[in-house]
Amino acid sequence: MFYWVMKTFVLGPVLKLLFRPWVKGLDNVPSEGAAILASNHLSFSDSIFMPLTVPRPVVFLAKLEYFTGTGLKGKLTAAFFRLTNQLPMDRSGGAASARSLDAGMNVLKNGSLLGIYPEGTRSPDARLYRGKVGVAKLALQARVPVIPVAMIGTDKVQPIGKRMPNIRRIGMIFGEPLDFSRYYGMEDDRHIQRSVTDEIMYELMRLSGQEYVDEYAAVVKLRLAGKAQDSAQEQGPPPAAADDGPVTPGSE
């Protein structure tokens, strides 16, 4: 109920008025039955704008940290994500990540739409990065189509680390459903998983027009963070009066 009220009467009308989203290919999203909406990830706001456009509810796998914050702000953030059909995704790997994918599988078994970001995290520089194979595992195990979704311009609306959004127009392109039935029964084959994931990423690159980087975005972020730390150490400590402020929920 909260999801429908926010989408229909509260956030939906306001966001459509302010950001005037344009949409192509929305008829590629099935009107019923399970499917995966696999999107590029440019901004925290992707998880708001895309479900706003799709007529059916979309359940997203969101990073676990959004659900484990402390204090009033952390609790409000967690409540918002749960009430807007988002599930915690543990990205640490191994058994924890497998359990998170099981939650996504349950969504698909119930005949619903599952939103997922194959890159695993937001792009640090608006380029498209290598996809993780979780999306392939889900598509092959659940035997559902994958609809590639290209978010356009959301990185300009809310760049990483920015608290207040910029008011500007954004867009979305929903590509034709990708059918991987030729691989059914081979979902445990790592080569098949990589092949399916790469095909999805190719479609996202084609639809979005982004430059593709054959490297995981999370690795690039760690490298950039290391360079920033080295630079800060070379420059010495900041003045005592300096205050960078807390990290907002959308930051990574």
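**Cavity and core in conversation**

Biologist: Which element gives the most to the lining of the largest cavity?

Modeller: In this predicted model, the leading contributor supplies five residues to that lining. Helices (H or I, at least four residues) and strands (E, at least two) are DSSP runs numbered from the N terminus, and the name here is H1.

Biologist: What volume does the largest cavity have?

Modeller: Local features need pLDDT of at least 70 and side-chain atom pairs count only at 80 or more, while totals for chains, interfaces and linings use all residues. Residues are numbered from 1 along each chain as its sequence is written, and side-chain values use heavy atoms, leaving out hydrogens and water. A cavity is a set of points on a 1 Å grid over the protein atoms alone where a 1.4 Å probe fits but cannot get out. The structure holds one of 30 Å³ or more, and the volume of the largest is about 210 Å³.

Biologist: Which lining residues are the closest to its centre?

Modeller: Lining residues have an atom within 4 Å of a point. Of the 14 here, the closest to the centre are Tyr 3, Ser 47, Ile 48, Pro 51 and Thr 84.

Biologist: Which elements give two or more residues to that lining?

Modeller: The lining divides into ten nonpolar, three polar and one charged residue. Two or more of the lining residues come from each of helix H1 (2–19), helix H2 (46–53) and E3.

Biologist: Moving on to the core, which members of the largest nonpolar core touch the most other members?

Modeller: Such a core is a set of buried Ala, Val, Leu, Ile, Met, Phe, Trp, Tyr and Cys residues joined through side-chain atoms within 4.5 Å, buried being under 20% relative accessible area with a 1.4 Å probe, protein chains only. Among its 28 residues, those touching the most others are Ile 36, Leu 138, Val 146, Phe 180, Val 196 and Ile 200.

Biologist: Which elements give two or more residues to this core?

Modeller: The strands are E2 (35–39), E3 (58–63) and E5 (113–116). The helices are H4 (94–109), H5 (134–142) and H7 (190–208).

Biologist: And which residues does Leu 138 touch, not counting those up to four places away in sequence?

Modeller: Leu 138 is one of the buried residues of H5. With contact meaning heavy atoms within 4.5 Å, Leu 138 touches Ile 36, Leu 61, Leu 101, Gly 104, Met 105, Leu 108, Leu 114, Ile 116 and Arg 143.

Biologist: What phi does Arg 143 take?

Modeller: Arg 143, one of the residues touched by Leu 138, sits just after H5. Its phi is positive, at about 55°.

Key
Buried means under 20% relative accessible area, exposed over 50%, partly exposed in between (1.4 Å probe, protein chains only). On a 1 Å grid over the protein atoms alone, a cavity is a set of points where a 1.4 Å probe fits but cannot get out, and a pocket is an open set with protein on both sides within 12 Å along at least five of seven lines; lining residues have an atom within 4 Å of a point. Grid points are joined across faces, edges and corners, and a volume is the space filled by probe spheres set on the points. Ala, Val, Leu, Ile, Met, Phe, Trp, Tyr, Cys and Pro count as nonpolar, Asp, Glu, Lys and Arg as charged, and the others, Gly among them, as polar.
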